[in-house]
Amino acid sequence: MSSRDRILTLGSAEPVILPSLLMCDFGNLEREIRALEDAGCQALHLDVMDGVFVPNLSYGMPIVEAIRKLTDLPLDTHLMIQDPGKYLEAFIDAGSDLISFHAEAVADPAPLLAKLRQANVASGLVVNPGTSLNAVSHHLDACDLLLVMSVDAGFGGQAFNPVALDKLASVAGERREHLILEVDGGVNLDTISECVRAGARWLVVGSAIFRQSDYTAAIRLLQEQARLGLNA
Ligand code: DX5
Ligand code: ZN
């Protein structure tokens, strides 16, 4: 199965919780990943920061590649870097199944989306809280996922910005069958069900998992809360 098919198969019928590995114990990466697999995770979210597009540095291709070797789970790579086109191929080769990049970081997303499609890797466009949906609306048919940030990209542990809910609801209202809606930043037990109610189905969670000692319990509770949003 191609990377893109692995992502599309996961789809968005049910809420999917994606742990963001920003706050994991990198000295025990294998143990962390086994714990997430044992907790029933369906995909992992990898945050790549360059210290230029965002005022923070995280990790790059070698860590994505190392994680690829440790797990068969689909890898959702979130590029918070300037000029993402320059590194697209490297992140494809590192084993990403989905690559998303920020609308604020490119003049025109179209060639990058086309490149990902051609490589059979799923593609995502990302908007920060201050960026209007107008920046991406003409490109939503050419990508597989829209990632709506509910914090300014750059750091884990920030407070949820509800502006994301309006954006999610607005795109969800367009009923684009093919488009996966993902939300990232400040998603926790208090905010997750509103995100699902607004239309998000992929929910990135960092601190609300990694600040807990029992990942299985944390993810189970998040899943229960997320499902409440489906019936609301
Ligand atoms: C922020 C990252 C997020 C972050 C989420 O720039 O894109 O993925 O790690 O962490 P929490 O859930 O703690 O906001
Ligand atoms: Zn992220």
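Predicted model: local features only at pLDDT ≥ 70, side-chain atom pairs only at ≥ 80, totals over all residues.
Let us look at the metal first. The protein donors are His45 through NE2, Asp47 through OD, His78 through ND1 and Asp184 through OD, and they lie 2.0 to 2.3 Å from the zinc ion (ligand 2). The site has 6 donor atoms, with angles of 67 to 168° among them, and is octahedral. Are His45 and His78 buried or exposed? Both of them are buried.

Now for ligand 1. It has 20 residues around it, and those that come nearest are Asp47, Gly154, Asp184, Gly206 and Ser207.

| Residue | Atom in the residue | Atom in ligand 1 | Distance |
|---|---|---|---|
| Ser20 | polar side-chain atom | oxygen | 2.8 Å |
| Asp184 | side-chain N or O | oxygen | 2.7 Å |
| Gly206 | backbone N or O | oxygen | 2.8 Å |

On its own, ligand 1 has 390 Å² of accessible area, and the protein covers 99% of that. Two or more residues of the shell around ligand 1 come from each of S2, S3 and strand S8 (202-205), and S2 gives the largest share, 3 residues. By type, the shell around ligand 1 holds 8 nonpolar, 10 polar and 2 charged residues.

Definitions and conventions: Residues numbered from 1 in each chain as written. Chains lettered and ligands numbered in written order. Heavy atoms only, no water. Donors = N, O, S within 2.8 Å, 3.2 Å for Na, K, Ca; no water. Tetrahedral: all angles 85-135°; square planar, octahedral: opposite > 155°, others 65-115°. Buried < 20%, exposed > 50% of the residue type's maximum accessible area, 1.4 Å probe, protein only. Near = heavy atom within 4 Å. Polar contact = N/O pair within 3.5 Å; in protein donor to acceptor, adjacent residues only side chain to side chain. Areas by Shrake-Rupley, 256 points an atom, 1.4 Å probe, with all protein chains shown as cover. Helix = DSSP H or I, 4+ residues; strand = E, 2+ residues; numbered from the N terminus. Nonpolar A, V, L, I, M, F, W, Y, C, P; charged D, E, K, R; others polar.
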